[in-house]
Amino acid sequence: MGVITLTMLGSLTVLAMVGPALWGQAADRPNPSAVLQGPTAGHLLGTDHLGRDLLARLLAATGLSLLLAVAATLLGATAGITLGALTAVVGVRTRRMLGALINLLLAFPGLLVAMFFAVLFGAGAGGAVFALAVAYAPGFARIAQTLAAKVTETDFMAAARVLGLRRHRLLLRHVLPHIAEPLMLNTTVAAGSTLVALSGLSFLGLGVQPPSYDWGLLLSQGLDRIYSEPLPAVAPGIAIVYAGVAFQLLGEMLAKAAARRTRPRQMAEPAVRPAHVDRTASVDQVLEVEDLRVAIPTAAGVVRPVRGVSLDLRRGEIVGLVGESGSGKSLTALAIADLLPEHAKSTWRANRFLGTDTKSLTRKERRRQLATGMAVIFQNPASAFNPSLRIGTQMTEAVRAHHNTPRAEAVEQALTELQRVTLPAGHRLLRSRPFQLSGGQRQRVAIATASMMRPDLIIADEPTTALDVTVQRQIVDLLRRIRHDDATAILFISHDIALVANTCDRVLVMYAGTIVENLPAHALATGTRHPYTRALVESVPDMTADRTHPLRTIKGSPPDPYGEISGCPFYDRCAHRQDRCAQERPVLSPLGPGHEIACWHPLPQAQREAEEAAK
Ligand SMILES: Nc1ncnc2c1ncn2[C@@H]1O[C@H](COP(=O)(O)OP(=O)(O)OP(=O)(O)O)[C@@H](O)[C@H]1O
């Protein structure tokens, strides 16, 4: 394909450059004795109404035809793509306005717009180019908008936002490279149709004006006698198709080249492990959230997946957040990281991150605080990386953006982090793309990327769910090592009670958007006092479980997320419920050292736990 493309483009370029010099004179020389001739040995394509050789005119017109088509396409594509891609990085209101503008422009037929503007700008080559650019821009804008909308929803954009990258960086680094391939194809294909549209304008007398001429003008002149002599019209048509195919193949090649872009050039030698981070001087409480609520308006009503969550995390602490599917774990995490879907509304009584109430910060300060202090590791390591960028680029961009770290130094740091997550072949890895890594490798790279900024808090949302059990253990060990080395607080969200019990220091049990129990992880096995937590723990099978009996389950289902809950949210499913539970909602209250519970009638302590407590 490369050879064919280069041959076609090369022939067009040579023709464009040498055409006027070689055939210009013959193309412009009138011959009154040979007007409107058909193809002959002397004039292979015949002559026009002034007796000028049509083949010479066709060859000499190559340069101007291509130049005008390319100029109109590039102008239209640049304006349209910028307009469309901007919608991925601006706020909701601006996005809606841009969307409305694009819709408005698209409501008019392209050729009509082109004719209108061609008249407005004045008949001629320049006017036609600008008119076509205006006519084509909305189409590009719509494609870019649609492609960019998909990118907006990806985990890697969320991760980039957590890193606090500025809009132009988001646009240039994450949105445009990711949507470049289809847009390049579209742009080059559009160059072919722009050629045809230019000929349309020339046909109407609004394009290139005599004595200048392009393929479009030659085509329209040939059309006058197409029934008697088809060749004068067919030949410029073939030239347009030839150029169109060449542009299309060029698009394919450019798209492939774009995928190979952003190669990290200079790789430094791995540096030594970072020194143990001493954070004893700074504030111990990393995160304190009080009464966090999330409401999401939907067509069926308002969903309230988070209904008054209060939690706190100290330095170097791994806190597990468990609960059945739909209990609101992820939305709690997203609200803390300021990554909720746009239509979701979050409120809280207090939200202090590193001792600063987020309400006292401007939006910019908040973004900066989150970018440098917090990192999020997502469930699916495959979608957490931008597939079009190399690992090296993605690992280093946050430190380069926020700490102005020189490239070589950032690469060095990335290599150190990769060693820390036991990925030794760092140089090769930095040059690879996400799809070249296994799931476990990707998740380790995600952890390495998260710790590049030395965040105070890492939110790991089911970081092991998509991985097999042997890799799970490695990922958990890594997180534990990071919290040990960097004194990072980690909020570890998981379904896996056994994993949480082995990994975390403390566990928060979530049910129907509320925290129902907060207890030390070692107490999960025997020290649970909330009926829901106890049922949840009992439903986890272990190696000693009696296989002749069915596994235990929690009967019933969680309350309707659309409805109001007046009493205890677990009331309907609770075997120990009493009248008060239906009427009054229990709040999280201290029950013992490091143990809080939201229940009016806590279960009695298990025998062994009671003995230990007595001791
Ligand atoms: N974008 C949304 N629009 C409407 N409702 C939503 C949206 N996202 C989540 N929800 C609702 O919020 C509930 C809680 O979602 P969330 O993802 O926080 O649960 P989860 O506990 O993390 O579950 P899982 O363990 O399955 O990931 C869901 O059951 C769903 O009803």
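**Close-up views of a predicted model**

Figure 1. Strand β10 and strand β11 (residues 514–520) run antiparallel and are joined by six bridges. The structure shown here, as in every view below, is a predicted model.

Figure 2. Strand β10 covers residues 506–511, and because six of its six residues are buried, the strand is largely enclosed by the rest of the structure. In a regular strand the side chains alternate between the two faces of the sheet. On one side of β10 lie Arg506, Leu508 and Met510, and on the other Val507, Val509 and Tyr511; all of these are buried, which leaves both faces covered. Strand β3 (residues 318–322) also pairs with β10, in the parallel sense and over four bridges. Within that pairing, Gly320 has Val507 of β10 as its bridge partner.

Figure 3. Strand β8 spans residues 457–461, and five of its five residues are buried. Leu457, Ile459 and Asp461 point one way from the strand, while Ile458 and Ala460 point the other way. Strand β7 (residues 374–377) runs parallel to β8, with four bridges joining the two. Strand β9 (residues 489–493) pairs with β8 in the parallel sense too, over five bridges.

Figure 4. Helix α13 runs over residues 391–402 and is mostly covered, with nine of its 12 residues buried. The buried residues are Ile391, Gly392, Thr393, Gln394, Met395, Thr396, Glu397, Ala398 and Val399. An α-helix has 3.6 residues a turn, so residues three or four places apart point the same way. Among the elements that cover the buried residues of α13 are α8 (167–203), α14 (407–420), α15 (426–431) and α16 (439–452). After α13 comes Asn404, whose phi is positive, near 50°.

**Figure 5. The shell around the ligand.** Which residues come nearest to the ligand? Of the 15 residues around the ligand, these are Pro305, Ser325, Gly326, Ser330 and Leu331. Three elements, β1 (285–298), β2 (301–314) and α11 (329–336), each supply at least two residues of the shell. Helix α11 gives the most, with three residues. By class, the shell has six nonpolar residues, eight polar residues and one charged residue.

**Figure 6. Segments annotated as transmembrane regions.** The unreviewed UniProt entry places the feature "transmembrane region" at residues 64–92, 104–137, 183–208 and 233–255. Over residues 104–137 the chain of the model is 82% helix and 0% strand, and the end C-alpha atoms are 12 Å apart. Over residues 183–208 the chain is 81% helix and 0% strand, and here the end C-alpha atoms are 28 Å apart.

How values were computed
Residues numbered from 1 in each chain as written. Predicted model: local features only at pLDDT ≥ 70, side-chain atom pairs only at ≥ 80, totals over all residues. Buried ≥ 20, exposed ≤ 12 C-beta atoms within 10 Å, placed from the backbone. Contact = placed C-beta atoms within 7 Å. Pairing = 2+ DSSP bridges. UniProt positions renumbered as here; feature names shortened; annotations may be inferred. Near = placed C-beta within 6 Å. Nonpolar A, V, L, I, M, F, W, Y, C, P; charged D, E, K, R; others polar.
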